[in-house]
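Student: Please take me through this model, and for each label that you use, set the value against its cut-off before you conclude.

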Amino acid sequence: MIIEKDARRHVVKAIEYDQELRFIEAKEKLKGRVVIKNEQYELLRRKLVDVCGQINVVANTQGKGRDDLKVEVLWEAEKILRRVSNYKSRAMRVLSLQIKTVFNRLRTLFRGFAENIDLVDPQLKNNVELTEALLAYEKAWEKGKEFLLDEEKFKVLMSMSELIEGLSEKHTEVKDKIEGVDADIFITIPCLAILKALDDQNSKIYQLYYCNQGGKHTCLFDKIKNLYTSTRKEDDYKLYNTCLLYTSPSPRDLSTSRMPSSACKKKKKKKKK
C-alpha cells in the first residue's frame, strides 16, 4: 500500500494544484475577469506544469518522457491567442490553441482521478488515457518550446505562415490543404526548397515537380501559365518555359548555359535588337 501511494504521489500533487487553481479561477470568474493576473495563480500553474513533467518521465513510454517543458510555453501561447489574429497567422494560433487544449485535457484527467485515486494504476504507464494525454501534451509543448520561445524561429514562422496563408486566400486551390497543418510545415518546406537551390543551382525543381505530378495539380500550373501569359508576350513565355526546364548555373553566363543552342540564339538576337 505504501509503495502504491508513493508511485501515485506526483498524480496526487497534480490533483492538489489543480484544485487550488480552480478555486482561484472560480473567484476571478465571479468578478468578471477573463485574464487572471495573480502571482499565486501563476506560481501554482508553474508547479502543476513541473509535476506534469515528472509524470511524463514515468508514464510517457511512447514519447520522449521530457520534463523540460516549462510554464513559459503556456504563457507565450496565451499571449499569442490574445494578440495574434487569424488574419495574421492561423498556424500560430492553431499551435497556441493546441498547447492550451492538451494542458486542460490533463487537468480534466486529474479531476477524474481525484474522485477515486485508487483506480489509478501505480504503474502510471498502464493508464491508457493518461499516457495518450501525455503524448499529445509533449508533442504540442515541444513545438511550443521550439517556435514560441525561440525568438528567431518565432519571427520566421510568423512571417512564412502569414505569407503562405495570404497566398492561399488568393489562390483557393491550396487553402484547404494548409488548414490545420502542423506549424513547422511553414518553415520546413521553404527551407528544403532553399537548401536544394543552394546545394545545386541546376536543381530543376520546377521540371522535377511538374513532370511527376501526372496531372494531379494541373489547375495550379494552368493558373501559373495563364497569369504569366496575361502579362507577357507569347514569345517571352516560351523562352521563360525553356529557361525553367534548362536552368543555367549563372543566368547571365550563356557559355555555361544548359539551354538548347536554339534558345540561346534567340536570346542573343533579342539583345542585338
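**Reading the labels**

Student: What makes K143 count as buried or exposed?

Tutor: K143 has a relative accessible area of 13%, and buried means under 20% relative accessible area, exposed over 50% and partly exposed in between, with a 1.4 Å probe and protein chains only; K143 is therefore buried. K143 lies in helix α6, residues 128-147, and its C-alpha atom is separated by 9.3 Å from that of V73, 70 residues apart along the chain.

Student: What should I keep in mind about the model itself?

Tutor: This is a predicted model, in which local features need pLDDT of at least 70 and side-chain atom pairs count only at pLDDT 80 or more, while totals for chains, interfaces and linings use all residues. Residues are numbered from 1 along each chain as its sequence is written, and side-chain values use heavy atoms, with hydrogens and water left out.

Student: How many helices and strands are there in the protein?

Tutor: The protein has 13 helices and 0 strands, where helices (H or I, at least four residues) and strands (E, at least two) are DSSP runs numbered from the N terminus. Of its 273 residues, 31% count as buried. Among contacts between residues at least 6 apart in sequence, 69% join residues at least 24 apart, contact meaning heavy atoms within 4.5 Å.

Student: Why are α3 and α5 called roughly perpendicular to each other?

Tutor: The axes of α3 (residues 39-59) and α5 (residues 90-115) come within 12 Å and cross at roughly 80°. Axes are lines fitted to C-alpha atoms, for helices over the stretch in contact, and angles run from 0 to 180 degrees between N-to-C directions. Angles under 35 degrees count as roughly parallel, over 145 as roughly antiparallel, 65 to 115 as roughly perpendicular and the rest as oblique, so α3 and α5 are roughly perpendicular. In this pairing, L48, V49, C52 and I55 of α3 meet F103, L106, R107 and F110 of α5. By class, the contact of α3 with α5 has 7 nonpolar, no polar and 1 charged residues, with Ala, Val, Leu, Ile, Met, Phe, Trp, Tyr, Cys and Pro counted as nonpolar, Asp, Glu, Lys and Arg as charged, and the others, Gly among them, as polar.

Student: What is the accessibility of R107, and which residues does R107 touch?

Tutor: R107, in helix α5, has 4% relative accessibility and therefore counts as buried. Not counting residues up to four places away in sequence, R107 touches D18, L21, R22, E25 and L48.

Student: At what angle do α5 and α7 pack, and what is that called?

Tutor: The axes of α5 and α7 are 7 Å apart and the helices pack at an angle of about 120°, which makes α5 oblique to α7. By class, the contact of α5 with α7 has 5 nonpolar, 2 polar and 3 charged residues.

Student: How do you know that the span of α7 agrees with its number of residues?

Tutor: The expected span of a helix is 1.5 Å times one less than its number of residues; the 20 residues of α7 (residues 151-170) should therefore span 28 Å, and its end C-alpha atoms are 29 Å apart, which agrees.

Student: What shows that the buried residues of α7 line one face of the helix?

Tutor: The buried residues of α7 are L157, M158, S161, E165 and S168. Seen down the axis of α7, these residues fall within an arc of 110°, so they line one face of the helix; the arc is that of the directions from the helix axis to the C-beta atoms. On the other side of α7, E152 and K170 are exposed. An α-helix has 3.6 residues a turn, so residues three or four places apart point the same way.

Student: Which residues of α4 are buried, and what puts them on the same side?

Tutor: In α4, the buried residues are V73, L74, A77, E78 and I80. They cover an arc of only 160° around the axis, which puts them on the same side of α4. These buried residues pack against α3, α5, α6 and α7. For the span of α4 (residues 72-83), its 12 residues should give 16 Å, and the end C-alpha atoms are 16 Å apart, which agrees.

Student: Why is W75 not given the label buried?

Tutor: W75, which is found in helix α4, has 25% relative accessibility and therefore counts as partly exposed. W75 touches E42, R45 and R46, not counting residues up to four places away in sequence.
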